[in-house]
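Below is a brisk report on one model. Keep the coordinates open while reading.

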Amino acid sequence: MNTKQLLKPTMKDIPQGRLGMWLLIAGEFVIFGGLMVSYLLYRMRYEQWAEMASHTNVILGAINTFVLLTSSYFVVKAHQAAQRKDSKKITMYISLTILCALIFLVVKITEYSQKLHHGFTFSGKELAASGKAIESSYWGFYFLMTGLHATHVVVGAIVLFIVMQGARKGKNYHRIEIAGLYWHMVDLIWIFLFPLLYIAH
Amino acid sequence: MDTHKKHGFWHRYFFSLDHKDIGFQYLLTAMFMAAFGGFFVYVFRYNLAFGPNDIPLYGDLAAKQYNQLVTNHGAIMIFWVGMPILLAVIGNFLIPIMIGTDDMAFPTLNKISYWVFLLSCFVLLAGFMMPTGAFGGGWTMYPPLSVSDFGYNNPNTTFWTNFFTGNTFFLLAVALEFISMLMGGINFVVTTLNKRAKGMSLMRLPLVVWMVNIANLLFMFSVGPLIAGAFMLLMDILVGTGFFDAYRGGDPILWQHLFWFFGHPEVYVLLLPSIGAVGEIISTFSRKPLFGYKMVILMVIIAAILSLVVWAHHQFVSGIDPGAANIFSLLTIIISIPFAGMVLSYLGTLWKGNIRFETPMLWALGMLATFTFFGGFTGLHLGSNVFDIYAHDTYFVIAHFHYTLFPTVFLGGFAAFYYWFPKFSGRMMNKTLGLIHFWGTFIFFNSIFIPLFWLGLQGQHRRIYNYSAWNDLLMQPEHIMARQIATVSLIFLLLFQFVFLFNFFYSIKKGKKASKNPWEANTLEWQTDSPPPHGNFDPYPVVQRWPYDYNHPEKELDYCPQSEI
């Protein structure tokens, strides 16, 4: 059995966890890419959508962008700590990252409740009933894209939490990097969504 | 770990992490789903030939049920038979033993992907038990038909009434299946790149491993937009958003773009593993090196990239811009060049070879012949928008489509199955029964679809439940006769599959014991025991040469395994 273990064939040019995560990220980008291209096609067709976009809260969006960028910085620091196998620093930085994720979600929920309060719902039935049929689909994209992204934030935070538990016990340090890659992807997708949905009028 | 074999039935078939067991689970599940797909096609073909009443084993067929059966036949055969057999079974079973390693890179992920796949099967079949019945809007799920009764269009429905419909379950099942195949695909690519045996450089990989990986990458890069579109369609059904609702500014054609951006590469995702397995078989049984190995790989990569930019040839009759249609026609016809190169390589391999007509070889040759001469050539015609506009909604397209996918999934799949059966079961299949199965399948497959080509050119529309209701819809005696020939052939085709089932279950228990290398092939999987033990190799092989050194001038035998110096 031992000789078998020793002779186990692997090339390991790239650690396989990292390679798998890269492929997953590529897949995720095509999914979000499909949504963004669909959105852009409609957006260029309908001038009315610019007016709808002006109802988004740019300040809250900017705060969220800042929060996510900060969280990515913490993930990088956690990765550096993982290379030194420093469990305490890892726990601290990952906790800060998860805190940022929670802030992001709280801001997001605030935004959603504001939108719903003003009658901009996911289905857009209220807008369509008031004669703004074409405008109503904008909110479909808004809620679908940001909602899907927020789901990724939740999943990312859970993954980071699980990985942090491992690092606290002093094992599987390499998982910090892989979970961190996923987190950077979540961040990067938001960097695309923010100008597309909030800024471009 | 070595005590693995002593685990019981439940452990082997439900919880095992071994790639061979998972491959076998995929195979059994796909065979189970194929039984549904085959039964559905029997019911609706019987209706087309002999009328909807008193169908044996079924009863009366209503128009709505006809639509449901056609839809689910298409979806099952592509997503729940073709994909698992050609990607998951071939990938799971072959990649680790062909590259000389013990298991997948992520065995647990592999197991999860099978569980998700199994779940997707149940979700799809559960669609038949919904109050509205199964989804019947065509396997392409075009809106507005797929949404029209639900969501915004029907204010009487709520989220939950929309949820418990065949439409929702169909979409969810397809989405789960994609997630399963994405996880499997990541696993295959990482395994191939990272876990190769010593000396196994990329240019020494067997062709089928190359093909499965290119197919997986192609799948990963084309399926994203459809997953995005599926979210949008699901929300249209469930909560009444207007993504594809023309009144609300949505565009139903956008769905077609998202669907076919995936749908066309999907054909190549199925084709590539199959043609890769056929390449292995042709080289082995011709006792000759594969002609143009590097060229085939290059051609396939080119075809895979081109396949991402030809999707709109499915939409020539959907009212797309004629200028764009011309460009898509041109690109579609260009894509036949790499495939012609690939077929040429295979013919070059056969040329002056010592051909051994074993069962797998017959299947492989049958696949190559029908795929090229019927599927490929009619594809050239349909790729041209001038012809396609006339033929698109007729049985000509149906016959073309089945001439591309039936050889790919079934002829190629059976070729691979008969070829690798000794390796995965440790026993040989009965050759006589194998030949009966081959000739029965091959002859009746052709006699189903050649009449359909003719009917299509005569102008018989597809997706029609009952031609006798309109006398101008091809109800001449010769047309009725052609439909009946196709249907009777189909029934015989299905009956011949029982020969296979008998052969399969008989040989797996009582077949002749297989040696390590019954076909005298070169690739690594034939250097270990049949069936391979847990861990596959002991010791792990070191690869010395490429996989196709047949009739090497310096060697005594007419083959030379990859691990031989």
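Asn551(B) counts as partly exposed because 15 C-beta neighbours lie inside 10 Å. The cut-offs: a residue is buried if 20 or more other C-beta atoms lie within 10 Å of its own, exposed if 12 or fewer, and partly exposed in between, with C-beta atoms placed from the backbone. Asn551(B) sits in the segment after H16 of chain B. Its phi is positive, about 50°, although Asn551(B) is not a glycine.

This is a predicted model, in which local features need pLDDT of at least 70, side-chain atom pairs count only at pLDDT 80 or more, and totals for chains, interfaces and linings use all residues. Residues are numbered from 1 along each chain as its sequence is written, while chains are lettered from A and ligands numbered from 1 in the order in which they are written.

Asp54(B) also has a positive phi, near 55°, and is not a glycine. Asp54(B) lies in the loop between H2 and helix H3 (63–99) of chain B. Asp54(B) counts as exposed because it has 11 C-beta neighbours inside 10 Å.

| Cis peptide bond | Omega | Location of the proline |
|---|---|---|
| Pro143(B) to Pro144(B) | near 5° | Pro144(B): loop between helix H4 (107–126) and helix H5 (159–163) of chain B |
| Asp538(B) to Pro539(B) | near 0° | Pro539(B): segment after H16 of chain B |

Most residues other than glycine have a negative phi, and most peptide bonds are trans.

## Confidence

The model scores ipTM 0.91 and pTM 0.93. The per-residue score is pLDDT, the predictor's confidence in each residue, from 0 to 100. Chain B averages a pLDDT of 92, and 98% of its residues score at least 70. For chain A the mean is 89, with 93% of residues at 70 or more.

Where pLDDT is low, the predicted coordinates should not be read in detail.

## Chain A

Chain A has eight helices and zero strands. Helices (H or I, at least four residues) and strands (E, at least two) are DSSP runs, numbered from the N terminus. The C-alpha atoms of chain A fill a box of roughly 75 × 35 × 25 Å along the principal axes. Of its 201 residues, 38% count as buried. Among contacts between residues at least 6 apart in sequence, 74% join residues at least 24 apart.

How do H4(A) and H5(A) pack? Helix H4 (residues 58–83) and helix H5 (residues 87–117) of chain A meet at an angle of about 165°, their axes 8 Å apart. H4(A) is therefore roughly antiparallel to H5(A). That label applies to angles over 145 degrees; under 35 is roughly parallel, 65 to 115 roughly perpendicular, and the rest oblique. Their contact has 18 nonpolar, five polar and four charged residues.

## Helix pair in chain B

Helix H2 (residues 19–50) and helix H16 (residues 477–510) of chain B pack at about 155°, with axes 9 Å apart. H2(B) and H16(B) are therefore roughly antiparallel to each other. The contact includes Tyr42(B) and Arg45(B) of H2(B), and Thr487(B) and Leu490(B) of H16(B). By class, it has nine nonpolar, three polar and two charged residues.

## Between the chains

The contact between the chains takes 41 residues from chain B and 35 from chain A. On the side of chain B that touches chain A, H7(B) gives the most, with ten residues. That side divides into 24 nonpolar, eleven polar and six charged residues.

Ser137(A) is found in helix H7 (residues 133–168) of chain A. Ser137(A) is buried, with 30 other C-beta atoms within 10 Å. Among the residues that Ser137(A) touches are Tyr42(A), Gly124(A), Thr241(B), Phe243(B) and Arg248(B). The C-alpha atoms of Ser137(A) and Lys125(A), twelve residues apart along the chain, are separated by 9.4 Å.

Terms used:
Two residues are in contact if their C-beta atoms, placed from the backbone, lie within 7 Å. Axes are lines fitted to C-alpha atoms, for helices over the stretch in contact, and angles run from 0 to 180 degrees between N-to-C directions. Ala, Val, Leu, Ile, Met, Phe, Trp, Tyr, Cys and Pro count as nonpolar, Asp, Glu, Lys and Arg as charged, and the others, Gly among them, as polar. Lists of a residue's contacts leave out its neighbours within four places in sequence.
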